Amino acid sequence: MFLIDSPLTAAQVLRIFHKDEPYLFLGAAFTTVAVLCASFSLLRRKFDALLIWLAVFAFLYGLRLWLNAELFSLTLSGSEGFARFDWAVNFLTPVPAILFFQAAGLLPRRGRYYTAILAGIFLSLTAGSLIFGRLGLFHTINDVVVILAMPWILVRTYLQGPVNRDFTVMRWGLLCFVTLALWDNTIGNSLHQVTIEPYGFACFLGCLGYVAGHRTLQRDQELNEINKELELARNIQLSLLPASFPESTAFKVAARYVPMNSVAGDLYDVLVADEKRIGLLIADVSGHGVPAALIASMVKMAALSQRNNAAHPAQLLSEMNHALCGNTQGQYVTAAYVYLDSARRELRYAAAGHPAMMRLSSGRVTEVAENGLLLAAIGDIVYTEVSIPIERGDRFLLYTDGLTEARNSAGQMFGEESLIAAFGQTAGLAPTAAADRIIASVQQWASLQDDDLTVLICDYSDVA
């Protein structure tokens, strides 16, 4: 219900409403676009200059259409505060528009200086309107600046180098907006005709919407391609890991591998296996994702090439290091290798910067450690190995540091002591169940997984 001081009939008010109806609708539509742009930027949790300035521009433009509607003028006629606010919004609206054009690359490299000058002029007009009221001089300055600035911005878009379809669509939308805006600020202003600039702005927003939709579709297609490639890479990497472990009366082996990403840098393998002996390798490439996975495949090839040294862990690691050094693009590898011989009832163990192997014997967990420098760091390194006797019922655990470095919500690491406790509780479980129990203990502790988790368990059960 409108309270109108002037003696207007209901028919006249209805006629005014119909006259304002397109602008009221466009104002609501532009404000909705502004809210959507701002919401999308908030969902991305990062400042996107294009979205933010477009949101502010669309909001102020929509608000200006509502304030300029004759119905509002009739409702608030005689209000000096409304008049000042109305003019202030008119002069403020170009500021986010200029910032949007700058963020979209429609202004030259030195455009930041022009942006500062133009924004300063319009902000001064805004402040002047709020302080001094509606002065004709302010409106004249606004028209002159708009008439000079908008063709310049339009010309800049046509001076760009090679453009794609999206930029062409945006350019046509801008052309429509600038043309209608210039008409309203020149000929249309003098003829007092119906304002047509908002339709140009609607066309410009429509073109931007098309560009946004097209780019979203393009990103989705690219993302699908990337996901397909990652799935293929994951399958290839999984093929590097043993699908099953050799049947043996002396040793039973189980492994669990939980990568942080689709592909990762952890690796384990069996280099030699028969009824009386087995050689187990575990490795961890620094970093994550595809680069680490590629280097992990190099590590596997380097290890397989040293099968002749499978009974000599120190020699095996030395030769692997020689093969990898200078070929890993600055990324390093930790590794541990254990050779178990049931005929001799002993194991030989060596490591390169890797967490120590654990041994569960007669209910007690101890460490088996003999460490050297990381693989691929320095070319000529001589590794050493340790030899210890083994007993029937012994269980051995090889793992990567993703287990001990897993953190809970308070930032506390799972740690070696917790791993020792979890490993000790696996006595009596089958190797597969023991591996599952250890991984589950780490996952229950960690608030999120920020590294690859790999466990390799070997049970010695032969007397001979």
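The model is predicted, and local features need pLDDT of at least 70, side-chain atom pairs count only at pLDDT 80 or more, and totals for chains, interfaces and linings use all residues. Residues are numbered from 1 along each chain as its sequence is written, and side-chain values use heavy atoms, with hydrogens and water left out.

A nonpolar core is a set of buried Ala, Val, Leu, Ile, Met, Phe, Trp, Tyr and Cys residues joined through side-chain atoms within 4.5 Å, where buried means under 20% relative accessible area (1.4 Å probe, protein chains only). The largest such core has 57 residues, and Leu-280, Val-299, Met-320, Leu-340, Leu-347, Tyr-349 and Leu-398 have the most contacts inside it. Strand β4 (residues 333-341) supplies the largest share of this core, seven residues; strands (E, at least two residues) and helices (H or I, at least four) are DSSP runs, numbered from the N terminus. Apart from this core lies another, of 44 residues, including Leu-65 and Phe-204.

Contact means heavy atoms within 4.5 Å. Leaving aside neighbours within four places in sequence, Leu-340 touches residues including Phe-251, Ile-278, Glu-346, Leu-347 and Cys-458. With the same exclusion, Ile-388 is in contact with Glu-346, Leu-347, Arg-359 and Val-368. Ile-388 belongs to strand β9 (residues 386-389).

Elsewhere, the axes (lines fitted to C-alpha atoms, for helices over the stretch in contact, with angles from 0 to 180 degrees between N-to-C directions) of helix α2 (residues 49-68) and helix α4 (residues 80-92) come within 9 Å and cross at roughly 145°. Among the residues making this contact are Leu-60 and Leu-63 of α2 and Phe-82 and Phe-85 of α4.

Terms used. Buried means under 20% relative accessible area, exposed over 50%, partly exposed in between (1.4 Å probe, protein chains only).
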